[in-house]
Amino acid sequence: MKKKTQIIFLIAIFLSAAVGIFALVRLLDIYSEYEKGNNTYEVLEDFVKKPDHGEETEDKPQSDTDAVRVSSQKLIVDFESLRGINPDVAAWIEIPALDISYPVVQGTDNSYYLHHLFSGESNINGSIFVDFHNKLDFSDENTIVYGHNMKNGSMFGTLSNYQNPEVYREYPYFYIYIPGYCLEYQVFSCYAAKTGSVGYTYAFSGIEEYQVFLDTVSSYAGYSTGEDMAVADKVVTLSTCVNSDRDYRFLVHGKLIKKSAIQEEKKK
């Protein structure tokens, strides 16, 4: 009986060790995936630059928030070089409040870029991507942009910080760069909602249906932004996962408030 007990004890130790080794290997694998994704996107930052300090703005900022708006509108994106790496590149997104700055792609479906980097490599970080139903020029009433909620804060891992009204009040703007233009958006609503909620509507039968959409997503806001929405407004919806509930997503809606012509970096 004593020998049998010893054998069971040894088996238990062996199984515990095996589980521990498996968990360690898995953690190292995840860490490696994070690092590969971070390195890939850090390299791509070389294709985006700000102009010389003296050219950064035409108007002197009146406040810290104005300074964020002005400087962020002046990024110069080398889309030509980015297209050489991946012809699916659609835009570049910058969210100063959250230290988010990434290329945006669009695939032929909404699955591929969930698990592939901008470089095309398979990776858990995936890419920031536009819904394949939307137009590349962001002219739809509601353009949807997806990104993973990574635990290390990369991709859209900090998007839910907009749950804090103080973050909104200090930095209510984000920017989408497309060839030749900077599109400036002001956040008007953010909240957690079930997957497939009305916030993901990308086509509307008419202005009445679109107004209902605007009223509905505005009413879902966790706090008031004081922004009134009209059918003439164009919206970008940013979407990421809610780690505590797989059936929910965190959405940030922004309305287009300014479209500025900008210089596009040319490949030398």
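Trainee: How many residues lie between S3 and S4 in their hairpin?
Mentor: Four residues sit between S3 and S4 in that hairpin, and Asp99 in the turn has a positive phi of about 55°. Strands here are DSSP runs of E with at least two residues, helices are H or I runs of at least four, and both are numbered from the N terminus. Bear in mind that this is a predicted model: local features need pLDDT of at least 70 and side-chain atom pairs need 80 or more, while totals for chains, interfaces and linings use all residues. Residue numbers start from 1 along each chain as its sequence is written, and side-chain values use heavy atoms, with hydrogens and water left out.

Trainee: Do S3 and S4 run parallel or antiparallel?
Mentor: Antiparallel, with six bridges joining S3 (residues 89-95) to S4. Two strands count as paired if DSSP finds at least two bridges between them. Val89 stands opposite Val105 in S4.

Trainee: And which way does S4 pair with S5?
Mentor: S4 pairs with S5 (residues 128-130) in the parallel sense, over two bridges. Val104 faces Ile128 in S5 there.

Trainee: Why is S4 described as largely enclosed?
Mentor: Because five of the six residues of S4 (residues 100-105) are buried, the strand is largely enclosed by the rest of the structure. Buried means under 20% relative accessible area, exposed means over 50%, and partly exposed is in between, using a 1.4 Å probe and protein chains only.

Trainee: Is Cys190 buried or exposed?
Mentor: Cys190 counts as buried, at 3% relative accessibility. Cys241, with a relative accessible area of 29%, is partly exposed.

Trainee: What about Gln186, where is that found?
Mentor: Gln186 is in strand S8 (residues 181-194). Its relative accessibility is 12%, so Gln186 counts as buried.

Trainee: What is Gln186 in contact with?
Mentor: Leaving aside neighbours within four places in sequence, the contacts of Gln186 include Tyr168, Tyr173, Glu227 and His253. Contact means heavy atoms within 4.5 Å.

Trainee: Zooming out, how many helices and strands are in the chain?
Mentor: The chain has five helices and ten strands. Of its 268 residues, 43% count as buried. Among contacts with a separation of 6 or more, 65% come from residues 24 or more positions apart.
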